Amino acid sequence: MSVNKEVKRITTNTLHKMKANGEKIAMLTAYDYSFAKLFDSAGVDVLLVGDSASNVMAGHETTLPITLDQMIYHASSVVRGVSRSLVVVDLPFGTYQGNSKEALSSTIRIMKETGAHAIKLEGGEEVIESIKRILSAGVPVMGHLGLTPQSIYKFGTYTVRAKEEAEAEKLERDARLLEEAGCFAIVLEKIPAALAKRVTESLHIPTIGIGAGNGCDGQVLVMHDMLGITTEFKPRFLRQYLNLHESINGAVQQYVTDVKNSDFPNDSEQY
Ligand code: KIV
C-alpha cells in the first residue's frame with residue numbers, strides 16, 4: 001500500500017480512521033530539522049521525538065539523563081521540518097512521575113515552546129492521573145507499555161517483557177485503562193507478538209509496535225537503527241534499510257584523502 005497523499009495533515013483522528021480501515025501506521029523517530037523534512041516528504045505518518053535522543057544524539061547509555069530543555073530543542077527543530085506528519089514528543093524521565101501537576105506543566109512547556117501536536121509518556125495505572133490531567137488541558141497523549149526504557153534500572157535488562165502471565169495481564173489491564181482515559185494510541189515495546197495482537201484487537205485506538213510483531217496497527221523504529229547509523233545495536237526486531245555507517249565512513253575517508261592530496265578543491269571548485 002502506498003502513501004495516502006490525499007491526507008494533507010495527519011491528526012489523531014486520521015490515525016483512528018487508519019485503524020478502522022486497516023491501513024497501517026508508519027512512525028519513525030526524528031530529532032532534527034533535516035531528517036524530519038526528509039521523513040515527512042517520504043510519507044512517514046508520525047514522527048516521534050523520542051527520548052532515545054539521549055542515546056543516539058547525546059551518547060548516553062540510557063534515556064534517563066535527557067532534560068526537558070533538550071527535548072524542547074529537538075522537538076522544535078523537528079516541527080520546523082514537517083508539513084504532513086503528526087509530531088509526538090516524549091516527556092523525559094523525571095518530568096511527569098512526581099505528580100499530575102508536574103506532568104501538565106512539562107507538557108505545557110513542550111506544546112508552547114515547540115509547536116508539537118501530542119506527547120508520549122511511559123507507564124499504565126501508575127501514571128493515569130497525569131494522563132487524565134494532560135488530556136483535560138486538551139493535549140493528545142500517546143501511551144507506552146511493555147519495555148519502558150525509563151524504568152531500565154527496575155527491569156535490569158532490555159529483554160522481552162510480559163512473557164509471564166501476571167505481567168501480560170497487567171499490560172492488558174493498563175492498555176484498557178489508557179484507552180478509557182482517552183489516549184489516542186499506545187506504543188507496545190518488545191512484548192510477545194501474540195500478546196500485542198490480542199491487545200490490538202481488544203482496543204479501538206491504534207497500537208504502534210516496536211519488537212511487538214505484525215499484529216499491531218503500526219510500527220515504529222529508531223531512525224539511527226533502521227538507517228544503519230548505529231552498528232552495535234542489532235536486536236531481532238530491527239530491519240536495517242540502509243548501511244549509512246559504511247556509506248558515511250567511505251565518503252568521509254575519501255574527503256580526508258582528497259584534502260591531504262590537494263585534490264580538493266579543484267579548479268572548478270574555487271573562485
Ligand atoms: O524514545 C524512543 O525512541 C521511543 C521508541 C523506541 C518508541 O520511545
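Student: Is lysine 197 buried, partly exposed or exposed?
Tutor: Lysine 197 is partly exposed, with a relative accessible area of 42%. Buried here means under 20% relative accessible area, exposed means over 50%, and partly exposed lies in between (1.4 Å probe, protein chains only). Before we go on, this is a predicted model, where local features need pLDDT of at least 70, side-chain atom pairs count only at pLDDT 80 or more, and totals for chains, interfaces and linings use all residues. Residues are numbered from 1 along each chain as its sequence is written, and side-chain values use heavy atoms, with hydrogens and water left out.

Student: Thanks! What does the side chain of lysine 197 meet in a salt bridge?
Tutor: Its partner is glutamate 201, at 3.0 Å from N to O. A salt bridge is a side-chain nitrogen of Lys or Arg within 4 Å of a carboxyl oxygen of Asp or Glu. Lysine 197 and glutamate 201 are 4 residues apart in helix α9 (residues 193-202), so about one helical turn separates them. Glutamate 201 counts as exposed, at 58% relative accessibility.

Student: How many salt bridges are there in the whole structure?
Tutor: A search of the whole structure finds 10. One of them joins the side chains of arginine 84 and aspartate 45, at 3.4 Å from N to O. Arginine 84 lies in the loop between α4 (68-80) and β3 (86-90) and aspartate 45 in the loop between α2 (33-42) and β2 (46-49), so this pair ties together parts that are 39 residues apart in sequence.

Student: And are arginine 84 and aspartate 45 buried or exposed?
Tutor: Both arginine 84 and aspartate 45 are buried. Another salt bridge links arginine 109 with aspartate 69, their closest N and O atoms being 2.7 Å apart. Arginine 109 sits in helix α5 (residues 100-114) and aspartate 69 in helix α4, so that pair ties together parts 40 residues apart in sequence. Arginine 109 is partly exposed at 29% relative accessible area, and aspartate 69 is partly exposed at 48%.

Student: Let's zoom out. How many helices and strands does the chain have?
Tutor: The chain has 11 helices and 8 strands. Helices (H or I, at least four residues) and strands (E, at least two) are DSSP runs, numbered from the N terminus.

Student: Now the strands. Which way do the residues of β7 point?
Tutor: In strand β7 (residues 207-210), Thr207 and Gly209 point one way and Ile208 and Ile210 the other, and all are buried. In a regular strand the side chains alternate between the two faces of the sheet.

Student: In which sense do β6 and β7 pair?
Tutor: Strand β6 (residues 185-189) and β7 pair in the parallel sense over 4 bridges. Two strands pair if DSSP finds at least two bridges between them. Valine 187 stands opposite isoleucine 208 in β7.

Student: Speaking of peptide bonds, what is omega near for the one from phenylalanine 264 to proline 265?
Tutor: Omega is near -5° there, and the bond is cis. Proline 265 is placed in the segment after α11.

Student: Last one: where does alanine 162 lie?
Tutor: Alanine 162 lies in the loop between α7 (152-155) and α8 (165-181). Alanine 162 is buried, with a relative accessible area of 4%.
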